[in-house]
Amino acid sequence: MSILELISGDGFTFKRVSTTHGGEYAGPCPFCGGNDRFLIWPQHKGGRFWCRGCEKTGDAIQYLRDMKGLSFAEACQALGISKNGYRKKYSRPTPDKPVFRPKKHDHPPELWVQKAETFLKSAQASLWTPEGQAARNILFGKGLTEETIRRAGIGFNPVEFYRDRQGWGLTRDVRSDGKPKRLWIPAGLVIPLCHDEGLARLRVRRSDPGEGPRYVIVVGSSLAPMILAPEKNVFIVVESELDAWLCRQEAGDLAGVMAMGSAGLKPDQNAHALLMGASLILTALDYDPAGARYAWKFWPETYGKKVIRWPVPVGKDPSDAWQRGLNIRAWIEAGIEQ
């Protein structure tokens, strides 16, 4: 049994997101929840896991010890391996790291696009009603102007709702209890991603996430990075779409912007081609352990010396830094002049 099969067997669903270490899978953390913060590499060093949230890490043995409370010997027995066999597994040489091969993200089904566009138009109208005042205040508080908000096509969904997946052009899926999964659109700010082919993603910044995730991607959406001003040859890489629009607003004439959605997500084929042709890449991933880890490793390893780590000097991200008084344009200018 692989570590992916082991953890999936406890009722968790993981999706392959990259080829890192022979295959990287993301999903909810068995220990702290979340959406895609828990990563599994089944082929790396016998199988490893790591959570970007709670920082739990280890192999199948460690998972059973942490999750089930088993002793080392009990965990080995549960996995059907001997203590000596377990130790030999880690004495083998680690295979060479595979060359990064960006994936191509499929566009959502035509029916999904139609349904999503109808919903988005309603959400965009709701944002500019009295009921959307609190949502507008959040956007204004992040430094976005009304012109930018309208240009970004941001909306507001006042009430969460569920829809039949097949009614949105998606395949039928079932939960662990056998009941059909439904498409969930929570209440909150609606942040779209549009390509030449049309609407490709709906991400919702939840109004009241409780203990759940702040951001939710509506099922069926593309996971491609958001790219603003792709004609530029200098790019600044951030995590959130709202940060991307702020950078575009303040310095769109200086640089293109890519919003990855998460520190651990990699460029797709389109983004990779643009980055390979760029003269300078400023990585401004969130100023936290996950952002720092990927800024120091993946980006310079993949794109070389033209990558400069350029986190905001105050706060966690560009929006946070703007709230603390940072001049976003001057910060980007300084990075370009390095």
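**Pockets, rings and a sheet**

Tutor: In this predicted model, the largest pocket holds about 1800 Å³ of space. Of its 48 lining residues, Lys-15, Asn-35, Lys-181, Ile-217 and Val-219 are the closest to the centre.

Student: What makes a residue count as lining the largest pocket, and which strand gives the most?

Tutor: A lining residue needs an atom within 4 Å of a pocket point. β1 gives the most, with four residues. β2, β3, β8 and β11 are among the elements that each supply at least two.

Student: How does the lining of the largest pocket divide into nonpolar, polar and charged?

Tutor: You get 21 nonpolar, 13 polar and 14 charged residues. Lys counts as charged, so Lys-15 and Lys-181, both among the closest to the centre, go in that last group.

Student: And what lines the second largest pocket?

Tutor: That one has about 920 Å³ of space and 31 lining residues, with Tyr-215, Glu-239, Gly-261, Asp-286 and Lys-316 nearest its centre. Its largest share, four residues, comes from β3. The lining splits into nine nonpolar, seven polar and 15 charged.

Student: Switching to the sheet: why are β1 and β5 called edge strands?

Tutor: The five strands run in the order β1-β2-β3-β4-β5, forming an open sheet with antiparallel pairing. β1 and β5 each have a single partner strand, so one side of each has no neighbour in the sheet.

Student: How do you know that β3 and β4 pair?

Tutor: Pairing takes at least two bridges, and β3 and β4 have four, in the antiparallel sense. The two count as paired, therefore. Phe-38, for one, has Cys-51 in β4 as its bridge partner.

Student: Why is the pair of Phe-49 and Tyr-63 called edge-to-face?

Tutor: Their centres are 6.1 Å apart, with 80 degrees between the planes. The limits are within 6.5 Å for a pair and over 60 degrees for edge-to-face, so both tests are passed. Phe-49 lies in β4 and Tyr-63 in helix α2, so the pair ties together parts 14 residues apart in sequence. Both rings also belong to a cluster with Phe-14, Phe-31 and Phe-38.

Student: What makes Phe-49 buried?

Tutor: Buried means under 20% relative accessible area. Phe-49 has 0%, so it's buried. Tyr-63 also counts as buried, at 0%.

Student: And how do you know that Lys-56 lies over Phe-31?

Tutor: Lys-56 is 5.2 Å from the ring centre, over the face, and the distance cut-off is within 6 Å. Lys-266 sits over Phe-298 too, 5.0 Å from the centre of that ring.

Definitions and conventions. Residues numbered from 1 in each chain as written. Predicted model: local features only at pLDDT ≥ 70, side-chain atom pairs only at ≥ 80, totals over all residues. Heavy atoms only, no water. Phe/Tyr/Trp six-rings, centres within 6.5 Å; stacked < 30°, edge-to-face > 60°. Buried < 20%, exposed > 50% of the residue type's maximum accessible area, 1.4 Å probe, protein only. Lys NZ or Arg CZ within 6 Å of the ring centre and 35° of its normal. 1 Å grid on protein atoms, 1.4 Å probe; cavity = no way out; pocket = protein on both sides within 12 Å on 5 of 7 lines; lining within 4 Å. Points joined across faces, edges and corners; volume = space filled by probe spheres on them.
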